[in-house]
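Here is a short report on one protein chain. Please keep the sequence and the 3D view open while reading.

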Amino acid sequence: MGISGKILIVEDERPALRNLEHIMKKEGYEVQGTLSGSNALKLLEEQEYDLVLTDLRMEKVDGIEVLERAKRLYPDAEVIMITAYATIPTAVETMKKGAYDYIAKPFKLDEVRKVVRAALEKVHLRKENSNLREQLERFEGKVRIITQNTVVNGLLETARQIAPTDCSVLISGESGTGKELFARYVHFVSLRAEGPFFAINCGSLNEELLTNELFGHEKGAFTGANARKNGLIEMASGGTLFLDEITEMSTAMQVKLLRVLQERELIRLGGTETIEVDVRVIAATNRDIQDAIKEGAFRQDLYYRLNVVSLHVPPLMERKDDIPLLCQHFLRKYSALMKKDVREVSQEVIGILINYDFPGNVRELENIIERGIALSNGTSIELAHLPEDLKALNVKTFRRKDGGIPSLEQQESSYIQWVLKETGGNKTQAAQTLGIDRVSLWRKIKKYKIEEAS
């Protein structure tokens, strides 16, 4: 499939210009040609081009002036210099000024096609990234959800639909899927976007500390309370409070939170004054909240208060089409932080990542890319930069495709099937690998009905 592009060709020799125009049009590009640098400057002012091919040596206005004008007007465009052998050193200098490459006369047609295509591919990639950045940075650049996945885009659409409301939101999903990021997205597309956003992990603090963090205290409320402290609920008034791992909250704390949601007021620890609050609560959990309710660990009435709108963030294994996009995002992020020029992930590495189940989800992918950039001495992340368990494609995670956690028997059955496959059905070798005798292996094969796998 050909790549499209709008090209301006600037060449003061008519035969050379006609030849280049013919070649480029035959490749399917939209082409505009001119014999002078002066006219090229006028054309650049009138319309945008993806690529400019310009002769370096021309009368009055030379190729360098065309290059500078093109890059100033259209930073995403690329410029290729056309030069005679005698001026190649000058052409190299133009690359330092932003030229993509140079073509020496007399040029070969295949070389011209190859350089032009590579330049346009770079332009298209840059534009795609630019469009993505514009889409995801509309809200002051504070929220970046990188996706092309249909399900995730559906979640973002839901978040935008509930933007005018103040309803509570419950976000579910495995650890590392980006639940807090989605909470921030909901906040920044809502009418509360100008207000504060506070986040707290309910599972990281005991009940006493969590109470103090959420509700605050009055001076003298306890030993060491030398001054009044406003809690996060009060501080988030006019904005959003994100409660992560909500199912880890004690039942006593759940009662206090339920009262805040119902009455829109609180009392600081050690205080008597009722304080009105205007806060939207977004909660998140990586557990099955229905199981927690059945076990009596989570109040059903609080669940109904929180679950006005529910968002389930899928694990990375269910949005593998996002892996290349996320890789590029993390490449840009950590290359900048580490001041390194790592610009790509090799296709071999991408292939491995696509076939990996990512039990740690997006957070694990981010760590892999960060590690790869730290270890890379070149411009790409290669196989050698991956963790040892990924290098040889010996990755095997035992996880049901429906996202559920498998039982021990399911794991054992899956593992035995995998070992049998790896050993070509050789039961003796498989038994040795599993650390059991051949009779035990036979019994397990019969138990799990995997005789056909052998």
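Which residues in helix 6 are buried? They are Val152, Leu155, Leu156 and Ala159. The model is predicted, and every value below is computed from it.

## Helix 6

Viewed down the axis of helix 6, the buried residues fall within an arc of 95 degrees, so they line one face of the helix. Their packing partners are helix 7 (179-188) and strand 14 (309-312). The face turned away from the buried side carries Thr150 and Gln161, which are exposed.

Helix 6 covers residues 150-161, 12 residues in total. From first C-alpha to last, helix 6 reaches 16 Å. That is close to the 16 Å expected at 1.5 Å a residue.

## The whole chain

The protein chain holds 19 helices and 16 strands. Its radius of gyration is 30 Å, well over the 22 Å that the globule rule gives for 454 residues, so the chain is more spread out than a compact globule. The C-alpha trace spans about 85 × 70 × 40 Å along its principal axes.

Of the 454 residues, 45% count as buried. The accessible surface comes to about 23300 Å². Carbon and sulfur atoms account for 49% of that surface. Now take contacts between residues at least 6 apart in sequence: 68% of them join residues at least 24 apart.

## Ile3

Ile3 sits in the segment before strand 1 (6-10). Is Ile3 buried or exposed? Its relative accessibility is 15%, under the 20% cut-off, so Ile3 counts as buried.

Leaving aside residues up to four places away in sequence, Ile3 touches Tyr29, Arg117, Leu120, Glu121 and His124. Asn201 lies 198 residues from Ile3 along the chain, and the two C-alpha atoms are separated by 48 Å.

## Thr247

The loop between strand 10 (240-244) and helix 10 (251-263) contains Thr247. Thr247 has a relative accessible area of 5%, so it is buried.

## Backbone geometry

Which residues does a cis peptide bond join? They are Lys105 and Pro106, with omega at about -10 degrees. Pro106 is placed in the loop between strand 5 (101-105) and helix 5 (109-136).

Positive phi values come next. Arg264 is not a glycine, yet its phi is about 60 degrees. This residue lies in the loop between helix 10 and strand 11 (265-267). Arg264 is partly exposed, with a relative accessible area of 32%. Asn361, also a residue other than glycine, has a positive phi near 60 degrees. Asn361 belongs to helix 15 (residues 361-375). Its relative accessibility is 0%, so Asn361 counts as buried.

Terms used:
Residues numbered from 1 in each chain as written. Predicted model: local features only at pLDDT ≥ 70, side-chain atom pairs only at ≥ 80, totals over all residues. Heavy atoms only, no water. Helix = DSSP H or I, 4+ residues; strand = E, 2+ residues; numbered from the N terminus. Expected span 1.5 Å × (residues − 1). Buried < 20%, exposed > 50% of the residue type's maximum accessible area, 1.4 Å probe, protein only. Arc of directions from axis to C-beta. Contact = heavy atoms within 4.5 Å. Rg over C-alpha atoms; globule rule 2.2 N^0.38 Å. Areas by Shrake-Rupley, 256 points an atom, 1.4 Å probe, with all protein chains shown as cover.
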